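Trainee: I would like to learn how features of a protein model are read, one at a time. Could we begin with the overall picture and then turn to the side chains?

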Amino acid sequence: MALITRRGSSYLFLIPAFVLYSLFVVYPLFTGLTYSVFSWKGTLRDTFVGFANYAGLLTGQFLDQLLSALGHNALLFAGTMLVQNTLGLAFALALSRVRRGKRALQTMFALPYLVNPLVIGYLWTLLLSPTFGPVNALLRPAGLAMPWLGDPSTALPTVILITSWQWVGFPMLLFSAALGGIPQEYGEAARTDGATSWEVFWHITLPLLRPAMATITILSFIGSMNTFALIYALGGSNGAPAGATDVLGLLFYRAAFASGDVNALGTSSALAVFMFTFIFGSTLLLERVLRRRS
């Protein structure tokens with residue numbers, strides 16, 4: 001009886017979190033789903049249109065923008081996996097051998113991702129300015145100065161590098177925690193048998209890091225697909241230059257607030273539901289594939 005009472009009282013502590021989650025996640029989700037099946041005249045609901053708003057996403061110029069933005073999100077995810085998470089693992093491995101100042105170094109690497117992405121974006125806009133930015137000032141004597149955010153061929157790679165710079169501390173901390181959970185006896189036994197440091201890493205450390213890698217991959221995918229603030233600060237709502245940095249978040253922003261369409265609420269709600277369904281479904285599929293490999 002006491003156990004049941006104690007368990008029931010523990011559920012009371014979940015009520016505030018449940019209320020907040022329902023208020024700010026579940027309710028907006030169902031509201032957006034409802035809005036997406038109606039046509040709107042500004043903020044006034046008009047008639048029930050079923051899947052007409054969704055059909056509008058898959059026609060004409062909007063479809064081209066949708067596919068382009070989705071492709072940029074995919075490239076951002078690939079670049080994040082290649083640059084950010086590889087560096088995060090390298091830093092975690094390097095810090096695992098550090099005896100003094102380890103906490104200070106971890107804090108230094110983690111600080112950028114605690115800063116608002118808008119601030120990061122405006123900061124790097126100033127740093128990369130082709131006229132007075134210090135980055136080009138340093139590169140100009142070597143003939144390497146260029147409009148990093150003004151050239152369509154370099155804009156998205158620059159965004160990937162800035163994103164990786166901001167968030168590299170997050171995978172580093174997760175990898176550091178995972179490395180701390182690997183018994184040292186495994187590596188010592190392998191070295192006793194004549195294994196090199198590379199062989200220990202490749203055959204022992206890396207396989208034992210797969211669960212952490214799966215978690216980081218899923219979180220990187222969700223973050224890359226939901227990105228908005230940083231790219232908005234770097235290139236504006238149109239994904240400048242020439243749409244080279246356009247992503248789903250910017251497309252949703254334009255559909256909701258900058259399109260001038262009288263049915264903007266219906267179209268943007270349909271796009272929001274599509275984004276949620278795509279990201280949620282892809283995350284479940286990715287999680288299942290990674291779980292099998294882990």
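The conversation below goes from the whole chain to single side-chain pairs.

Mentor: Before anything else, note that this is a predicted model, in which local features need pLDDT of at least 70 and side-chain atom pairs count only at pLDDT 80 or more, while totals for chains, interfaces and linings use all residues. Residues are numbered from 1 along each chain as its sequence is written, and side-chain values use heavy atoms, with hydrogens and water left out.

Trainee: How many helices and strands does the protein have?

Mentor: Helices (H or I, at least four residues) and strands (E, at least two) are DSSP runs, numbered from the N terminus. Here there are 15 helices and two strands, and the C-alpha atoms fill a box of roughly 80 × 75 × 30 Å along the principal axes.

Trainee: What share of the residues is buried?

Mentor: Buried means under 20% relative accessible area, exposed means over 50%, and partly exposed lies in between, with a 1.4 Å probe and protein chains only. Of the 294 residues in the protein, 36% are buried. The accessible surface, from the Shrake-Rupley method with a 1.4 Å probe, comes to about 17400 Å², and 69% of it belongs to carbon and sulfur atoms.

Trainee: Which residues form a nonpolar patch on the surface?

Mentor: Patches are made of residues with over 30% relative accessible area and no salt bridge, where like charges are joined within 9 Å and nonpolar side chains (Val, Leu, Ile, Met, Phe, Trp, Tyr) within 5 Å. In this model Leu-29, Phe-30, Leu-33, Phe-276, Phe-280 and Leu-284 form such a patch, with about 580 Å² of accessible area together. Helix 2 (15–35) and helix 15 (264–293) each supply at least two of its residues; Leu-33, which lies in helix 2, is partly exposed at a relative accessible area of 40%.

Trainee: How many aromatic pairs does a search of the whole structure find?

Mentor: A pair of aromatic rings is described by the distance of the centres and the angle of the planes. Rings of Phe, Tyr and Trp (its six-membered ring) pair if their centres lie within 6.5 Å, and planes under 30 degrees apart count as stacked, over 60 as edge-to-face and the rest as tilted. The search finds 16 aromatic pairs, among them the tilted pair of Phe-51 and Tyr-54, at 5.9 Å centre to centre and 55° between the planes. Phe-51 is exposed, with a relative accessible area of 66%, whereas Tyr-54 is buried, at 17%.

Trainee: Why is the pair of Trp-198 and Trp-202 stacked?

Mentor: The ring centres of Trp-198 and Trp-202 are 5.6 Å apart and the planes are at 20°, so the pair is stacked. Because Trp-198 and Trp-202 are four residues apart in helix 11 (residues 197–208), about one helical turn separates them. Trp-198 is exposed, with a relative accessible area of 55%, and Trp-202 is partly exposed, at 45%. Elsewhere, ring pairs link Phe-228, Tyr-232, Tyr-253 and Phe-257 into a cluster.

Trainee: Which side chains meet in salt bridges?

Mentor: A salt bridge is a side-chain nitrogen of Lys or Arg within 4 Å of a carboxyl oxygen of Asp or Glu, and the whole structure has two. Asp-246 and Arg-254 meet at 2.9 Å, N to O, and both residues are buried. Arg-291 and Glu-287 meet at 2.4 Å, N to O; Arg-291 is exposed at 60% relative accessibility, while Glu-287 is partly exposed, with a relative accessible area of 24%.
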